[in-house]
Amino acid sequence: MDRFLVTTPVASDCFQLVGVTSLLIAYKQVEMCPPRINQLLALCCNAFTKDQMRNLECIILIKLNFDVAAPTLNFFLEHFTNMRLKKCNSCKKSSAEAVQAMSLARRMSELSLADYCFNKFLPSVLAISSLSLADQMLQHQSHIDSLTDSLSNEYAETVLNECKDKLKLLVSLNEKCIPSFSQLVLTEKISES
């Protein structure tokens, strides 16, 4: 919906229709049985017709060039973790470290979604920074940084460091509120022994 609104001005009385139509498109991507158009129009108190919704669905898809699946932060966390696992597929300890780092990085990333200062970072940058900080916090011997050396052409070192520094601050401010950080480290270290 956001990407459509950036490309197309919409009258204020049509925002509801745009929202419900975007919801329909998202449902079609994810759900096996999306809701019927009548059900979605009922959310708008039947202020719009089926034809209006179908027409707007076509307009949205055309404006987005049918590219409706934007990669998310979670996608990149899994992608970089899988790259790391493939690189160290023979070493059990490195594989366990990669999974632990992803778990902690996912929690840090969830915190970052609620903080506006992270909006300027691409999801891929935030994922790499989260994984790198997780490795550092968990004191892993194999780091995501060794994998990201090959990606350094795509990501400026200063941007990665800035993101990582902001994540450190975010974690330090929320560490007491979220006991799961320390519990995660303890639980996983106990399970290793």
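**Notebook: aromatic pairs and pockets**

I looked up phenylalanine 121 and noted that, with a relative accessible area of 8%, this residue counts as buried. For this term I used a relative accessible area under 20%, with exposed meaning over 50% and partly exposed in between, for a 1.4 Å probe and protein chains only. The model is predicted, so I kept to its limits: local features need pLDDT of at least 70, side-chain atom pairs count only at pLDDT 80 or more, and totals for chains, interfaces and linings use all residues. Residues are numbered from 1 along each chain as its sequence is written, and side-chain values use heavy atoms, with hydrogens and water left out.

**Ring pairs**

I paired rings of Phe, Tyr and Trp (its six-membered ring) with centres within 6.5 Å, calling planes under 30 degrees apart stacked, over 60 edge-to-face and the rest tilted. By this rule I recorded three aromatic pairs. Phenylalanine 75 and phenylalanine 76 form an edge-to-face pair, because their ring centres lie 5.2 Å apart and their planes stand at 80 degrees. Phenylalanine 118 is buried at 3% relative accessible area. Phenylalanine 76 is buried at 16%, whereas phenylalanine 75 is partly exposed at 44%. I also noted that ring pairs join Phe75, Phe76 and Phe80 into a cluster.

**Pockets**

I took a pocket, on a 1 Å grid over the protein atoms alone, as an open set of points where a 1.4 Å probe fits, with protein on both sides within 12 Å along at least five of seven lines; lining residues have an atom within 4 Å of a point. A volume is the space filled by probe spheres set on the points, which are joined across faces, edges and corners.

The largest pocket holds about 410 Å³. I counted 13 lining residues, with Met1, Asp2, Arg3, Val68 and Ala70 nearest its centre. The elements giving two or more residues to this lining are α1 (2-7) and α2 (15-30), and α2 supplies the largest share, four residues. The lining of the largest pocket divides into nine nonpolar, two polar and two charged residues.

The second largest pocket has a volume of about 210 Å³. Among its lining residues I found Phe118 and Phe121, together with Leu73, Asn119 and Lys120. This second lining divides into seven nonpolar, two polar and one charged. I counted Ala, Val, Leu, Ile, Met, Phe, Trp, Tyr, Cys and Pro as nonpolar, Asp, Glu, Lys and Arg as charged, and the others, Gly among them, as polar.
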